Amino acid sequence: MKKFFVGTLIAIFAVVLAACGSATKETSNKESAKKDGSIIIGVAGEPSVLNPNYASDRVTLTMQQALYAPLFWEIDGKPALADSLVVSASSLEYTVKLKENLTWHDGKPLTAADVVFTVESTLDEKQHSPNRSKFVFDGKPLKVEALDQTTVKFTLPTAAPAFTETLNTFYPIPEHLFAGVANIEKSDKNKKPVGSGAFAFVEYKTGEYVSLKRFDNYFDGKAKLAKLTFRITKDQNAANLALQNGEINLKAIQPADRDSIELASDVEIITYPENRLSYIAFNQNQTALKSKELRQALSYALDRKSLINSAYGSADYAKPASSFLTENTKYFTDKVETYDNDIKKARDLVAQSGYEEGTKLTVYYSNNSKSQESMALYIQEQYKKIGVTLELKPTDPNALSTITLDRDNKDYSLALNGYIMGNDPDAYTSLFLSDSPYNYSNNHDKTLDELFTKGAVTSDDKVRQAIYEDVQSNIANNAVIYPISYDNAVLALDKSFKGVEAATPQPVSMFKDFSKLERAK
């Protein structure tokens with residue numbers, strides 16, 4: 001998991017190359033695109049760092065799914081770049097065998113050495129990868145070695161049941177490109193990414209598009225389409241109009257727009273559980289929000305069904321949330337404090353909290369999200385009932401990501417956010433550990449840190465379940481966040497395309513494998 005944030009890249013060299021390339025090659029590409037087709041996918045913002053060691057926002061992770069290939073597919077655990085996985089009886093050694101004859105987009109071999117380099121660069125604290133915690137157990141890093149060109153062995157310092165999930169979300173990066181780079185995250189090499197996915201990078205024009213072309217040596221066979229373009233359109237009304245006009249062929253849509261889009265466009269609507277939590281983060285960097293009583297009061301003031309109706313207009317697209325874990329996550333329980341709407345109790349807690357009347361709180365949210373705007377307006381009205389003033393701060397998504405990723409930021413009181421974290425609760429450490437880069441609530445709780453650390457290295461299933469039930473109770477009782485809803489994804493796909501089942505809809509990135517989409521005959 002996988003969460004949602006920021007950055008701007010400029011691919012000048014790619015633009016020059018496109019302008020100055022040979023006429024013969026350009027003609028060949030056009031003929032290929034015409035013959036096999038192309039698809040234009042609408043995305044709501046700029047990508048951040050087009051590198052799996054750093055990608056975390058929805059836009060970048062969607063592009064990553066086309067540009068890079070994982071060892072195993074996250075949605076079903078089946079091999080992708082990998083051919084097999086053998087786990088030792090002690091559960092300390094994981095041996096991954098890669099497929100033969102894998103290559104990067106530039107033609108260089110993809111080998112076990114690339115996997116080792118990716119892990120070691122992630123573990124290097126100077127590289128500041130947010131994925132580092134996935135390879136550290138009880139404070140000790142794992143060891144990784146290449147046994148031969150296609151075999152990698154991971155040796156864990158202690159048994160860690162969640163490590164299989166880590167392998168399912170692992171995307172190698174090319175050693176020959178990044179070896180010796182002092183700051184991989186800031187490297188210009190990310191502006192022309194070299195991956196191993198179904199499509200290879202062509203060009204990135206800031207504010208307009210990222211274009212990709214078919215990679216003929218893709219491990220699962222050539223893509224059905226010759227070209228894939230991500231069109232960047234922050235204005236969702238403009239994006240919906242482009243969908244209607246055929247200028248965009250695929251995009252995630254907001255539930256409130258479904259009816260109008262279906263009426264005006266020849267599209268197939270695809271809905272599926274996204275295992276996503278929409279929630280409110282309470283920023284404890286602000287003095288007022290350090291009070292547990294105030295956070296609890298702000299929670300009691302709200303009603304989840306009303307929030308869902310205001311955001312989506314229907315309960316068909318979301319269901320009221322309870323735990324910070326989504327329902328697909330192992331050890332999920334709804335037996336936690338849910339702060340069912342109680343205005344009197346909320347007022348009493350405001351009085352106990354020491355909140356000074358007239359103190360203005362702020363709520364930050366994406367300015368291109370109709371659902372978040374509706375939620376923010378509802379929250380503002382509810383807080384008036386308990387004597388709390390809330391100022392609305394609609395913000396550009398990229399700017400919002402920058403603000404909420406700053407662990408010292410005190411500007412936002414509340415932030416409307418969402419995450420999709422996978423199937424094992426250990427993945428949530430990146431959001432809730434005190435020193436996590438994605439600790440949006442800026443909650444610092446030694447007891448919670450110890451519980452998460454213990455859960456990661458506990459093998460006994462019943463003991464592990466009890467630990468994560470304690471984790472869920474801790475976060476709920478302390479009102480670290482306010483879980484709003486478990487959401488469904490809604491996609492609109494031009495009916496001139498097919499292959500949805502083979503491409504397989506999945507959380508965050510729309511599809512598991514874009515190579516399987518094709519033009520309908």
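Strand E17 (481-494) gives the second largest cavity the largest share of its lining, 3 residues. Helices here (H or I, at least four residues) and strands (E, at least two) are DSSP runs, numbered from the N terminus. This is a predicted model, where local features need pLDDT of at least 70 and side-chain atom pairs count only at pLDDT 80 or more, while totals for chains, interfaces and linings use all residues. Residues are numbered from 1 along each chain as its sequence is written, and side-chain values use heavy atoms, with hydrogens and water left out.

So what counts as a cavity? On a 1 Å grid over the protein atoms alone, it's a set of points where a 1.4 Å probe fits but cannot get out, and lining residues have an atom within 4 Å of a point. Grid points are joined across faces, edges and corners, and a volume is the space filled by probe spheres set on the points. By this rule there are 3 cavities of 30 Å³ or more.

Now look at the largest cavity, with a volume of about 1100 Å³. It is lined by 47 residues, and Ala44, Arg58, Arg276, Ser369 and Gln372 lie nearest its centre. Among the elements that give two or more residues to this lining are helix H3 (58-67), strand E12 (267-282) and helix H12 (370-384). E17 turns up here too, again with the largest share, 6 residues. The lining splits into 23 nonpolar, 17 polar and 7 charged residues.

Where does this cavity sit? Domain 2 (197-249 + 496-519) and domain 3 (274-488) both give residues to the lining of the largest cavity, so it lies between them. The domain bounds come from an automatic or database domain assignment, which also gives domain 1 (69-177).

Finally, follow domain 1 across to domain 3. Their C-alpha centres lie 32 Å apart, yet 11 residues of domain 1 are in contact (heavy atoms within 4.5 Å) with 13 residues of domain 3. The area buried between these two is about 900 Å², with carbon and sulfur atoms giving 59%. Buried area is the accessible area (1.4 Å probe) that two parts lose on being put together, summed over both.

Definitions and conventions:
On a 1 Å grid over the protein atoms alone, a cavity is a set of points where a 1.4 Å probe fits but cannot get out, and a pocket is an open set with protein on both sides within 12 Å along at least five of seven lines; lining residues have an atom within 4 Å of a point. Ala, Val, Leu, Ile, Met, Phe, Trp, Tyr, Cys and Pro count as nonpolar, Asp, Glu, Lys and Arg as charged, and the others, Gly among them, as polar.
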